Amino acid sequence: MKERIKIIEGDITKQEVDAIVNAANTSLLGGGGVDGAIHRTAGPELLEETRKIGGCPTGEARVSKGYLLPAKWVIHTVGPVWAGGHKNEENLLAGCYRNSLKAAAELGVKSIAFPSISTGAYRFPLNRATEIAMTETRKFLGTNENPEKVIFVCFGEKVLKTYQQVFQRIF
Ligand code: ADP
């Protein structure tokens with residue numbers, strides 16, 4: 001299974017994959033961080049579509065087209081805001097990975113790229129978030145043929161190092 005995972009440092013908006021995952025907020029109307037970058041690159045039609053979708057609860061995922069992005073699809077998922085760990089944050093974050101992968105499989109997506117959901121503005125501790133990302137991905141790939149390939153796109157060296165370390169332990 002190891003060979004189905006790739007960890008890279010880079011910008012998710014540049015990934016030539018079937019689907020990229022957006023760390024969105026519940027409104028799906030765009031925001032800062034990776035969400036802002038995805039909307040800027042995809043162009044205004046993305047906002048038109050996500051406005052029609054009408055929002056997304058924390059832990060769930062919604063699909064849109066990718067418009068001007070190289071990726072065909074954007075899977076919008078809403079990570080939990082870290083509030084100390086007693087507000088179901090871990091299960092909600094696990095749900096983001098599970099539901100995004102499920103949406104990808106339903107679309108027949110072969111390759112998908114994930115950012116590090118919730119670890120920016122939403123302040124989820126990076127190590128624990130990375131363990132959850134990898135654990136859920138391993139479980140899903142164990143029982144599903146698609147996506148064939150999962151790329152974790154790390155923004156900055158700290159995220160990259162953490163992903164590489166956690167990968168060694170979990171896969
Ligand atoms: P959240 O609100 O879910 O915490 P953020 O966008 O603030 O989302 O941060 C999530 C992660 O995405 C952080 O690690 C941040 O550095 C990273 N990130 C920001 N821009 C990009 C980008 N263009 N490509 C990939 N990752 C990005």
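Mentor: A definition before anything else: helices are DSSP runs of at least four residues, numbered from the N terminus. Keep in mind that this is a predicted model.

Trainee: Fine. Which helix gives the most to the shell around the ligand?
Mentor: Helix H1, residues 33-42, which puts three residues into that shell.

Trainee: And how many residues surround the ligand?
Mentor: There are 14, and the closest are Asp11, Val34, Ser118, Gly120 and Ala121. By kind, the shell has seven nonpolar residues, six polar and one charged.

Trainee: What does the ligand have 2.9 Å from one of its oxygen atoms?
Mentor: A polar backbone atom of serine 118. Tyrosine 122 also has a backbone N or O atom 3.0 Å from a ligand oxygen. With threonine 119 the side chain takes part: one of its N or O atoms is 3.4 Å from an oxygen atom of the ligand.

Trainee: How much of the ligand's accessible area does the protein cover?
Mentor: On its own the ligand has 570 Å² of accessible area, and the protein covers 88% of that.

Trainee: Where does the ligand sit?
Mentor: In the largest pocket. About 560 Å³ of space lies in that pocket. Its lining has 26 residues, and Ala23, Gly33, Val34, Ser116 and Gly120 are the closest to the pocket centre.

Trainee: Which elements supply at least two residues each to that lining?
Mentor: Strand E2 (19-24), H1 and strand E6 (149-154) each do. H1 gives the most, with four residues.

Trainee: What about the lining by residue kind, how does it divide?
Mentor: Into 13 nonpolar, 11 polar and two charged residues.

Trainee: Changing topic to the backbone. What is phi of serine 118 near?
Mentor: Near 75°, a positive value in a residue other than glycine. Serine 118 is in the loop between strand E5 (111-114) and helix H4.

Trainee: Then which residues does a cis peptide bond join here?
Mentor: Asparagine 146 and proline 147, with omega at about -5°.

Trainee: Where is proline 147 in the fold, between which elements?
Mentor: Proline 147 is in the loop between helix H4 (126-143) and E6. E6 is also one of the strands that supply the lining of the largest pocket.

Note on methods. Residues are numbered from 1 along each chain as its sequence is written. This is a predicted model: local features need pLDDT of at least 70, side-chain atom pairs count only at pLDDT 80 or more; totals for chains, interfaces and linings use all residues. Side-chain values use heavy atoms; hydrogens and water are left out. A residue is near a molecule or strand if one of its heavy atoms lies within 4 Å of it. A polar contact is a pair of N or O atoms within 3.5 Å; within protein, one must be able to donate a hydrogen and the other to accept it, and residues adjacent in sequence count only if both atoms are side-chain atoms. Accessible areas come from the Shrake-Rupley method with a 1.4 Å probe; for residues, only the protein chains shown count as cover. On a 1 Å grid over the protein atoms alone, a cavity is a set of points where a 1.4 Å probe fits but cannot get out, and a pocket is an open set with protein on both sides within 12 Å along at least five of seven lines; lining residues have an atom within 4 Å of a point. A molecule sits in a cavity or pocket if more than half of its atoms lie within 2 Å of its grid points. Ala, Val, Leu, Ile, Met, Phe, Trp, Tyr, Cys and Pro count as nonpolar, Asp, Glu, Lys and Arg as charged, and the others, Gly among them, as polar. Grid points are joined across faces, edges and corners, and a volume is the space filled by probe spheres set on the points.
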